[in-house]
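Hi everyone, thanks for making the time.

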Amino acid sequence: MADQAPAQPPAPSGGGFHGGPRSHSGGPGGGRPPREGGPGGGGPRKGKRQFFRKRKVCRFCVDKVDFIDYKKADMLNAFVQDRGKILPRRMTGTCSRHQRWLCEAIKRARNIALLSFASEL
Amino acid sequence: MEERLYDLIFICRPATPEEEITKLTHTLEQAVAEHHGKVEKLENWGTRRLAYRVAKNREGIYIYLQIKSTQGDMVKELERRLKVAEPVIKYQTVRLDEDVKLQKKLIARREKKAARRPRRPAAAPATQATPPAAPAEQPPAAS
């Protein structure tokens, strides 16, 4: 019988509800199209794909590599398409500094016939 | 003058006999010595498959030399000899001392940064110099 005022939910004090000003602005390195997740995450790295992979770490930064040797053709092969073209950074996740060094090493290796310039398909 | 570091790789035809290669490398070593240089490494990688056809060959014998020198025109002399040599089909000289310098700088910088970071105390910090003698009461939970 007692009047029961409808229980009011606790007034949001200092923005808890609608997650006010915090809005995801595309994460670090903004200006990229929203990630759609790789195809099952873990597809082969070579070849052209439309989706982005999950944001990868630069392999060289993790291993703290200071010098990319152009004589190691098998290591460089991982960064080259099957047609012989150099893979872009967004496919391999390399950072810009290491990508520059990598390109230089690949071009040197190509000159000495350790890697091909273009392979016929 | 600074000492320069060079990487010299050249490819010989696949059917070249061993003595010819040895003779060729001897000539190159002589040329290096004439220009006050020093051959640091000499490797024969053997017959390898080439990524593309060079002078109508699909395979070649790779020879790798690492040379230290103070004179830059030594490279010109070496390449001239390689150009004239019959079995050599391709050669490339790369100057590496700047890269090595940069590498050392990065390693040094990284070690300095690691040393500056506060390390976890391995042992309990013993700050007392001498144990308190006169006062009877001991410092509470000193160490």
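Let's begin with chain B, whose secondary structure comes to three helices and four strands. Helices here are DSSP runs of H or I with at least four residues, strands are runs of E with at least two, and both are numbered from the N terminus. If you follow the sequence of chain B, the pattern reads β-α-β-β-α-β-α.

Before going further, a word on what you are looking at. This is a predicted model, where local features need pLDDT of at least 70 and side-chain atom pairs count only at pLDDT 80 or more, while totals for chains, interfaces and linings use all residues. Residues are numbered from 1 along each chain as its sequence is written, chains are lettered from A and ligands numbered from 1 in the order in which they are written, and side-chain values use heavy atoms, with hydrogens and water left out.

Back to chain B: it has 143 residues, and 30% of them count as buried. Buried means under 20% relative accessible area, exposed means over 50%, and partly exposed is in between, with a 1.4 Å probe and protein chains only.

Now, how does chain B meet chain A? On the chain B side, 22 residues are in contact with 17 residues of chain A. The area buried between the two chains is about 1,700 Å², and carbon and sulfur atoms give 61% of that. Buried area is the accessible area (1.4 Å probe) that two parts lose on being put together, summed over both. Y52(B), Q92(B) and R110(B) supply 28% of the area that chain B buries against chain A, more than any other three residues.

R110(B) comes up again, as its side chain meets that of D66(A) in a salt bridge, 3.0 Å from N to O. A salt bridge is a side-chain nitrogen of Lys or Arg within 4 Å of a carboxyl oxygen of Asp or Glu. Between chain B and chain A the count is three. By class, the side of chain B that touches chain A has 15 nonpolar, two polar and five charged residues. In that scheme Ala, Val, Leu, Ile, Met, Phe, Trp, Tyr, Cys and Pro are nonpolar, Asp, Glu, Lys and Arg are charged, and the others, Gly among them, are polar.

Over all chains, the structure holds twelve salt bridges. Which residue pairs with E77(B)? That is R81(B), and the two side chains meet at 2.8 Å, N to O. Both lie in helix α2 of chain B, four residues apart, about one turn of the helix. E77(B) counts as buried at 17% relative accessibility, whereas R81(B) counts as partly exposed at 24%. Salt bridges that share partners also join D69(A), K71(A) and D7(B) into one network. Leaving aside neighbours within four places in sequence, E77(B) is in contact with A31(B) and H35(B).

Let's finish in chain A. D69(A) and K71(A) form a salt bridge, their closest N and O atoms being 3.4 Å apart. D69(A) is buried, with a relative accessible area of 15%, and K71(A) is buried too, at 14%.

How values were computed: Contact = heavy atoms within 4.5 Å.
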